[in-house]
Amino acid sequence: MLAYALLSLLAVSTPIAVEACQSKVTKPPLLWLADVRANAAPGTDSTTTLSKSDPGMRLIRFEKGAVPIPITADEHIELQKSGLRYTDVTEVDLEAIVTAKAAEGNYASGGRAIPSAPSKQAQVKPVIATLSQANLKTDLSSLTAYKSRYYKSTTGAKSAQDLLAKLQTIASSASGSGGKVTVSAFSHTWGMSSIIARIEGTNTAGAITIAGAHLDSINQSDPTGGTAPGADDNGSGCVNLIEAFRKLVAAGFKPTNPVEFHWYSGEEAGLLGSAAVARSYSTAKKSINAYLNLDMTAWLQTGTTPQIGFVSDRTSSTLTAFVKKLVPEYLTGVIASDDYCGYACSDHASWNTLGYPAVYPFESITKYENPNIHTAADTATSSQFSYAHAHEFTKLVVAYVMELAL
Ligand SMILES: [Zn+2]
């Protein structure tokens with residue numbers, strides 16, 4: 001069965017776009033996998049015995065529309081070491097959900113129309129004025145203190161528990177005049193939860209405006225045992241959301257429609273956390289206004305123009321055009337550029353697959369992204385790690401949330 005699936009996919013395989021810095025593999029993923037199997041020690045190649053009952057077996061996909069490929073636990077580790085991007089659809093296959101629900105015509109319940117231009121300056125600018133770079137540094141020092149935030153590690157699970165506690169402390173300080181604030185863990189079948197913070201809207205059933213970032217990290221050369229501080233990937237996006245949430249709560253923010261901040265587990269293992277959350281929301285027929293993804297916001301390569309690379313694939317062009325307009329309106333010293341990211345490159349893809357509008361502002365264009373990600377060297381100590389640059393992304397999150405949810 002496996003051999004058949006692999007051979008049939010090899011026949012239709014097309015080159016896959018992957019982020020250059022994330023993978024040293026230059027060949028198409030299916031050829032890479034065939035090599036892994038050919039090089040496996042005798043007796044360990046389970047291609048003839050693999051079945052769904054094998055513990056550790058995963059079903060993965062390298063490109064949209066492909067038949068999911070079963071891989072062994074050992075191959076799963078090799079895949080993580082390769083840096084190739086993939087979706088893990090063992091538990092949640094969003095593409096299959098879309099295919100099934102398309103017949104019913106009831107997925108991706110829509111939100112409000114995306115406005116053509118920013119209009120909430122009077123409310124947004126005072127909150128932006130309260131945002132702190134120092135808080136980004138403090139929050140990031142907590143996140144990078146774990147040896148790793150790998151989704152299957154005890155330290156990864158602890159990082160989610162500690163984030164939950166931090167956010168609950170912020171929520172408990174909410175003033176009575178703002179929207180009701182709740183923080184909860186979204187449990188998975190692995191140890192590390194995703195975390196969700198919600199600021200209730202006056203219209204509690206209104207379309208939700210979401211900003212999300214993955215909390216997990218990975219050391220590509222040693223996924224289960226290596227040191228993975230994940231300062232830029234993606235501690236940076238996580239602390240942007242913490243600070244935005246903190247200051248919106250402090251301001252007594254009371255949106256018309258609900259706002260949520262999501263910190264996902266398992267992004268580095270095939271978008272696991274965001275797929276589970278997106279499926280849950282789709283199943284519950286929650287209305288989604290928009291999803292903004294932050295994944296790496298702090299690297300500013302020496303000699304380059306500070307810019308925000310807006311990912312053009314697996315995103316909404318309408319929403320992206322609107323969020324780009326927030327850059328000159330609310331940010332300082334940074335321009336908006338266009339970028340491309342490829343299959344399974346981050347959690348926006350989970351929401352996009354289900355038909356929800358998504359936008360993904362990235363730390364630069366891919367050419368100038370942080371070369372240290374997925375290694376022990378992804379720390380905040382480099383001179384090119386810029387809290388000032390990351391600070392602009394906190395502003396962007398606050399502007400996005402307030403413009404769309406007020
Ligand atoms: Zn990332």
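Close-up A. In strand β7 (residues 259-264), A211 has F261 as its bridge partner. This is a predicted model, in which local features need pLDDT of at least 70 and side-chain atom pairs count only at pLDDT 80 or more, while totals for chains, interfaces and linings use all residues. Numbering starts from 1 along each chain, following its sequence as written. Helices (H or I, at least four residues) and strands (E, at least two) are DSSP runs, numbered from the N terminus. Two strands are said to pair if DSSP finds at least two bridges between them; β6 and β7 have six, in the parallel sense. β6 also pairs in the parallel sense with strand β8 (residues 288-293), this time over five bridges. There, I208 has I288 as its bridge partner. Strands of a sheet pair through backbone hydrogen bonds, in either a parallel or an antiparallel way.

**Close-up B. Strand β6, covered on both faces.** A residue is called buried if 20 or more other C-beta atoms lie within 10 Å of its own, exposed if 12 or fewer do, and partly exposed in between, with C-beta atoms placed from the backbone. Seven of the seven residues of β6 (residues 208-214) are buried, so the rest of the structure largely encloses this strand. In a regular strand the side chains alternate between the two faces of the sheet. On one side of β6, look for I208, I210, G212 and H214; on the other, find T209, A211 and A213, and all of these are buried.

Close-up C. Follow the chain from β6 through helix α8 (residues 231-250) to β7, and you trace a right-handed β-α-β unit. Right-handed here means that, with the strands pointing away from the viewer, the path from the first strand over the helix to the second runs clockwise. Of the 20 residues of α8, 19 are buried, so this helix too is largely enclosed by the rest of the structure. N234 lies in α8, and a cis peptide bond with omega of about 0° joins D233 to N234. After the helix comes G252, with a positive phi near 70°.

Close-up D. L271 sits in the loop between β7 and α9 (272-283). Its phi is near 65°, a positive value in a residue other than glycine. L271 counts as buried because it has 28 C-beta neighbours inside 10 Å. M296 belongs to the loop between β8 and β9 (307-311). M296 is not a glycine either, and its phi is positive at about 85°. With 25 C-beta neighbours inside 10 Å, M296 counts as buried.

**Close-up E. Where α5 and α12 cross.** The axes of helix α5 (residues 121-128) and helix α12 (residues 387-405) come within 10 Å and cross at roughly 150°. Axes are lines fitted to C-alpha atoms, for helices over the stretch in contact, and angles run from 0 to 180 degrees between N-to-C directions. The two helices are therefore roughly antiparallel, on a scale where angles under 35 degrees count as roughly parallel, over 145 as roughly antiparallel, 65 to 115 as roughly perpendicular and the rest as oblique. The crossing is right-handed: a crossing is left-handed if the near helix is turned anticlockwise from the far one by less than a right angle, and right-handed if clockwise. From α5, Q123, V124, V127 and I128 meet K395, V398, A399, M402 and E403 of α12.

Close-up F. I196 is part of strand β5 (residues 194-199) and is buried, with 20 other C-beta atoms within 10 Å. Two residues are in contact if their C-beta atoms, placed from the backbone, lie within 7 Å. Setting aside neighbours within four places in sequence, I196 is in contact with S184, F186, E260 and H262. E260 is 64 residues from I196 along the chain, and their C-alpha atoms are separated by 6.8 Å.

**Close-up G. The three-strand sheet β2-β1-β3.** This open sheet has antiparallel pairing and the strand order β2-β1-β3. Its edge strands, β2 (69-71) and β3 (87-88), each pair on one side only. Between strand β1 (residues 58-61) and β3 there are two bridges in the antiparallel sense, and I60 stands opposite D88 of β3.
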